[in-house]
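Load the model in your viewer and keep the selection panel at hand.

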Amino acid sequence: LHQYLGVTFTYEDVVHVVHEPSSIDFADVIGQLAELPSGWRDELRQATLLGYASQINTMINSLRTGMPDIAEHLQQLADSYDHQSILALLDQVEALE
């Protein structure tokens with residue numbers, strides 16, 4: 001294109017950010033999720049099944065002050081659209097009850 005149109009392209013280096021998996025213990029996640037009201041967990045399940053990202057994020061943000069580790073783990077799952085893992089965690093909590 002430069003030869004015919006005199007156009008010069010400038011390229012920028014792309015930096016890929018890789019999120020490291022959380023080092024949180026799944027038993028801790030399940031245990032802390034079990035402490036939450038069943039209605040909250042049901043609402044998260046429904047939002048996850050329907051793919052309502054904004055509702056999922058709002059619910060996760062509500063955990064940030066009291067359960068920051070769990071909130072961060074759920075946020076990583078939500079950010080990567082790993083809804084199956086969120087549902088699997090909720091299923092495991094339900095199995096404990």
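A residue counts as buried when its relative accessible area is under 20%, and as exposed when that value is over 50%. Keep in mind that the model is predicted.

**Stop one: Arg45.** Select residues 38-50, which make up helix H3, and pick out Arg45 within them. Is Arg45 buried or exposed? Its relative accessibility is 18%, so Arg45 counts as buried. Now display what surrounds the residue. Setting aside neighbours within four places in sequence, Arg45 is in contact with Leu87, Leu90, Asp91 and Glu94.

**Stop two: Ala78.** Move to helix H5, residues 68-79, and select Ala78 there. Ala78 has a relative accessible area of 10% and is therefore buried. Which residues does Ala78 touch, not counting those up to four places away in sequence? Show Ile56, Asn57, Ile60 and Ile86 to see them. Then draw a distance from the C-alpha of Ala78 to the C-alpha of Asn57: the two are 7.6 Å apart in space, with a separation of 21 residues in sequence.

**Stop three: Leu5.** Go to helix H1, which spans residues 2-5, and select Leu5. Leu5 counts as exposed because its relative accessibility is 62%.

To finish, show Arg45 and Leu5 together: Arg45 is buried, whereas Leu5 is exposed.

Notes:
Residues are numbered from 1 along each chain as its sequence is written. This is a predicted model: local features need pLDDT of at least 70, side-chain atom pairs count only at pLDDT 80 or more; totals for chains, interfaces and linings use all residues. Side-chain values use heavy atoms; hydrogens and water are left out. Helices (H or I, at least four residues) and strands (E, at least two) are DSSP runs, numbered from the N terminus. Buried means under 20% relative accessible area, exposed over 50%, partly exposed in between (1.4 Å probe, protein chains only). Contact means heavy atoms within 4.5 Å.
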